[in-house]
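Thanks for coming. I have one structure to go through, and I will keep it short.

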Amino acid sequence: MRFAFSTLGLPGASLAEAVELAVRHAVGGLEVRLHEDMPLDVDPRDAGLEVVSLCGYVRIAETGPDEPVIAALRGQLALADRFGALGVRVFPGGNDVEAALRRLEAVAGETRARVLVETHDHMATGAAVGALLDRFGRPEAAGAIWDVLHPWRNGEDPAATLEALAPHLAYVQVKDATGTTPRPMGLGEVPLDVFADLLRGYPGWFSLEWEKAWHPEVEPLGEVIPGAREWVRSVVRSG
């Protein structure tokens, strides 16, 4: 089972503290948020963990000059290579597909790490992200992150999301919520049984994205990891 969590759930914590929490809960990997509050001053691999991705905030399809976006991508991809990560998470940030394609092409092949486009904001559906990556056509350089909440919230059937993203899927972010408030797995309104049926036997990473940085009132990450881990285990074992 390949289960990780995002350090978005640990605002104010150090990377060493994130590593300690992961080891304590038998979590195998981390999505490491690129943020000034968490310097990358330890290597999770020294504790036996994998760095699934570095979660940056580059907006790949935002209208504007290409150069700053390309420079940010290059720097983050190089850092991802240093930590052995699958890639760098980016947001669409807009609908400028032609700009996104230029920027992806500019960095393609420069690193082992890939640009990983999350189903988010202006391209919240699998159809939108899948269409972008289909046009780019270089799976060795770019892939998709399926945040299960956003496409469903935008009215896309989960089976259609999976069909659109399957050729590009790097890993899956799992979560539950009521409205915009994060909830422990199984206590919100996300149809987790539907996602479980679709993902049975999926061999890639599942990562818990617990948005405590944006919702400080919710439970500490350590309290919700066990339930998420058990949900992932049930999905993987039933495949």
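Let me start with helix H1, residues 15-24, which lies across strand S1 (3-6) and strand S2 (29-33). Against S2, the helix runs at about 155 degrees. Before I go on, please keep in mind that this is a predicted model.

Now the strands themselves. What do they form? They make a closed barrel of eight strands, in the order S1-S2-S3-S4-S5-S6-S7-S10, and the pairing is parallel. From one strand to the next, the twist averages 30 degrees. As a reminder, strands of a sheet pair through backbone hydrogen bonds, and the pairing can be parallel or antiparallel.

Take one pair as an example. Strand S5 covers residues 114-118 and strand S6 covers residues 142-147; the two run parallel and are joined by four bridges. If you want a place to look, find Val 117, which stands opposite Ala 144 in S6.

Most residues other than glycine have a negative phi. Ala 26, in the loop between H1 and S2, has a positive phi, near 55 degrees. Is Ala 26 buried or exposed? Its relative accessibility is 61%, so Ala 26 counts as exposed.

The other one is Asp 121, in the loop between S5 and helix H4 (126-136). Asp 121 is not a glycine either, yet its phi is positive, about 40 degrees. With a relative accessible area of 32%, Asp 121 is partly exposed.

Last, the largest pocket. It holds about 220 Å³ of space. How many residues line the largest pocket? There are 20, and those nearest the centre are Leu 149, Lys 175, Ala 177, Thr 180 and Glu 211. By class, the lining has ten nonpolar, six charged and four polar residues.

Which elements supply the lining of the largest pocket? Helix H5 (149-153), strand S8 (176-178), strand S9 (181-183) and helix H8 (221-237) each give at least two residues. The largest share, three residues, comes from H5.

Key:
Residues numbered from 1 in each chain as written. Predicted model: local features only at pLDDT ≥ 70, side-chain atom pairs only at ≥ 80, totals over all residues. Heavy atoms only, no water. 1 Å grid on protein atoms, 1.4 Å probe; cavity = no way out; pocket = protein on both sides within 12 Å on 5 of 7 lines; lining within 4 Å. Points joined across faces, edges and corners; volume = space filled by probe spheres on them. Nonpolar A, V, L, I, M, F, W, Y, C, P; charged D, E, K, R; others polar. Pairing = 2+ DSSP bridges. Axes fitted to C-alpha atoms, helices over the stretch in contact; angles between N-to-C directions. Contact = heavy atoms within 4.5 Å. Buried < 20%, exposed > 50% of the residue type's maximum accessible area, 1.4 Å probe, protein only.
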